[in-house]
Amino acid sequence: MNTKLEILEFPDKRLRKTSVPVKTFNSELKQLAEDMLITMYQSMGIGLAAPQVNHRIRLIVIDISEERNEPMVFVNPEIENSSGEVESSEGCLSVPDIKTEVNRFESIEIRAKKLDGEEFHMKIDGLLSICVQHEIDHLDGKLFIDYVSEIKLERLRKKIIKDKKALNLEKQTKPDYLI
Ligand code: ZN
C-alpha cells in the first residue's frame, strides 16, 4: 500500500529503538503529525506512533471515532496512574497479518503535551486507553507481540501461512483494529 509516509514493518530493527522526548514545538513537528494522521487514515489504522514512520521522537496520533474525524495528538505522553485489567484483541500496522490478545490496563491517567507545547492531563478508558498504551509501547521500542509467548507466536505464524494458502486471509486474521 502506498501511504504518505512509509510504515516500517516487523522485524525492522528501527522499531526497537527508544524514542526521545520532543523539545522543540515548531512547524516541522506539526507537519509530521499531519502527515502521520494522513498515513494512519490511508492505512485504516486507529493509531500511529512516530517511530513506525522512522522518526524517533515521542509523538503519537490517534483517531478512534467511527467517522474518522476526531484526530488526537499526544506529544511526550506519560502514564501517571493505571487501574484494572482488560484483554484486548490487537493488530498493528507494523506487524501485518497478526492478531492476538494482549492484557492492558483498563483505565489510565496520562500527562502529555499538545503540538503547541501546552501540557494536559486526561483520564481515559476503553479503546482509547488500549490504543494509547499500544502506542506508548512503540515509543519504547516494544511491540504487542512481545506479550505473546514464542509458542503462541509460532502457532499464529503457522495459522497465517495456512490461512494464506486457503486464500482466506482477510476473513481469518483481520484484527478488530490496527494500532
Ligand atoms: Zn502498532
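**Reading a zinc site, a sheet and a helix**

Modeller: Along the sequence, the residues that donate to the zinc ion follow the spacing C-x41-H-x3-H-x40-I. Donors here are N, O and S atoms within 2.8 Å of the metal (3.2 Å for Na, K and Ca), and water is not among the atoms, so sites may look incomplete. This is a predicted model, in which local features need pLDDT of at least 70 and side-chain atom pairs pLDDT 80 or more, while totals for chains, interfaces and linings use all residues. Residues are numbered from 1 along each chain as its sequence is written, and side-chain values use heavy atoms, with hydrogens and water left out.

Colleague: Which atoms coordinate the zinc ion?

Modeller: The donor atoms are SG of Cys-92, NE2 of His-134, NE2 of His-138 and O of Ile-179, at 2.1 to 2.3 Å. The arrangement is irregular, because the angles subtended by the 4 donor atoms run from 90 to 142°. Four donors count as tetrahedral if all angles lie between 85 and 135 degrees; four count as square planar and six as octahedral if opposite donors are over 155 degrees apart and all others between 65 and 115; anything else is irregular.

Colleague: Are Cys-92 and Ile-179 buried or exposed?

Modeller: Both are buried (under 20% relative accessible area; exposed is over 50%, partly exposed in between; 1.4 Å probe, protein chains only).

Colleague: How many bridges join strand 6 and strand 7?

Modeller: Strands (E, at least two residues) and helices (H or I, at least four) are DSSP runs numbered from the N terminus, and two strands pair if DSSP finds at least two bridges between them. Strand 6 (residues 107-113) and strand 7 (residues 119-125) are antiparallel, with 7 bridges. Lys-113 has Glu-119 as its bridge partner, and Glu-109 stands opposite Lys-123. With 5 residues between the strands, this hairpin includes Gly-117 at a positive phi near 95°. Strand 6 also pairs with strand 3 (residues 72-83) in the antiparallel sense, over 6 bridges; there Glu-78 stands opposite Arg-111.

Colleague: Which residues of helix 3 are buried?

Modeller: An α-helix has 3.6 residues a turn, so residues three or four places apart point the same way. In helix 3 the buried residues are Leu-153, Leu-156, Ile-160 and Asp-163. They span an arc of only 85° around the axis, which puts them on the same side of helix 3; the arc is that of the directions from the helix axis to the C-beta atoms. The face turned away carries exposed residues, among them Arg-155, Lys-158 and Lys-162.
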